[in-house]
Amino acid sequence: MNSVAPVKAPAEGTLRGIATFLATFGIGVATYITIADSGGGSPVCIAGGHGCQTVAESSYSHLLGVNVAVFGMVGYVVLLACALLRGDLARMTGFLASLVGFGYSVYLTYLELFKIEAICQWCVASAVLMTLLFAANATRMLAYVGKEP
Amino acid sequence: MNDRRERLIKLASAAVFLTIVAVAVLIVSQSGSSGGDSENIVSVAEVERELQGIPQDGMVLGQPSARVKLLEFADLQCPVCKGYSEEVLPQVIENQVRSGEARLDYRPFTIIDADSIPAAEAAIAAGKQERGWNYVEIFYRNQGEEGSGYVSDEFLTAIARAAKVPDLARWNSDRKSASVKAEVEEATAEAEHLGFEGTPSFAVQGPDTRGLEALGLLESAGAIEEAISAAH
């Protein structure tokens, strides 16, 4: 019988470093969207076009009267804290927070493509960051949960 | 330590399963909605861009000096009119209305069912505050299934808000007024007088026409542009 050599996970410190970088970037993106919205405007698409304005002005951009970017900002702050902390609580909270963020990003991307019919590059940036954060946190959790910090 | 690791990984697996179910439920619930939803008014910015900078007077869109007037007789509940609003008229608005060659006059022709009347009255009332075309265009982009009962006060008000009608209280009293009711009835009677039987139907008036000429259904933006050019 052939045996497959197990893939060695990166060191936990490396994964935490990656997550720290991504979460910090995410806080920046979510903060920009929140500030642009609070001024009564919308984020400006650097690549041009009106996608960001269309998405920002759609009713899907707010949840219970609050801009979804505010929830994103809170999520990234939690993820940054988890990346900076050691131990199982940080590993599990980081995994669960990034899982929820990733799931919600999938839903928001579906809305952009099929309901709003416009793409906002800031939302795409956030979705990519959340996907990478999920990958980093899932790897950290699977490789290191239940082990010594 | 291994037991604890096993328990935590089981917990994570359950969370992954629940997240997949939650996202699937959210997507399925959204894909089932087919317009007519006052909670989710879409394409507001798109309409704003389409009409930005073009004067509106009542239900007339375009420069007052435009020599040709194109009348569109339409029903807000009509799916074909929605198709015209989204696919055909933007080209005419951009090329001939914005340039000052023609004016577009929206006339309600309420033929689908009783719900077409309050919808038309709401649009005419928005026109009294120079937001009539925004109202019509946003309505079409959020149109529900024909005759499904989606034309509620709540839906009409959500469209008025999205169309940025400045004085909602005035809009609300105007749309229920006898004069607006009469305006809708007169437009429908005019369409019948012109011999129209379906929506949208067009009529044109210009220096080269003998009064108002009934054109009926024009198949494309090109056909509408030709009719405007011929009326010069």
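This is a predicted model: local features need pLDDT of at least 70, side-chain atom pairs count only at pLDDT 80 or more; totals for chains, interfaces and linings use all residues.
Local features need pLDDT of at least 70 and side-chain atom pairs count only at pLDDT 80 or more, while totals for chains, interfaces and linings use all residues. Residues are numbered from 1 along each chain as its sequence is written, and chains are lettered from A in the order in which they are written.

Chain A has five helices and two strands, taken as DSSP runs (H or I of at least four residues for helices, E of at least two for strands, numbered from the N terminus), and their order along the sequence is α-α-β-β-α-α-α. Of its 149 residues, 46% count as buried, that is, under 20% relative accessible area with a 1.4 Å probe and protein chains only.

Pockets are open sets of points on a 1 Å grid over the protein atoms alone, where a 1.4 Å probe fits, with protein on both sides within 12 Å along at least five of seven lines; lining residues have an atom within 4 Å of a point. A volume is the space filled by probe spheres set on the points, which are joined across faces, edges and corners.

| Pocket | Volume | Residues nearest the centre |
|---|---|---|
| Largest | about 610 Å³ | Val68(A), Ala69(A), Gly72(A), Tyr104(A), Leu108(A) |

The lining of the largest pocket comprises 33 residues, and H4(A) gives the most to it, with ten residues.

Technical notes. Side-chain values use heavy atoms; hydrogens and water are left out. Buried means under 20% relative accessible area, exposed over 50%, partly exposed in between (1.4 Å probe, protein chains only).
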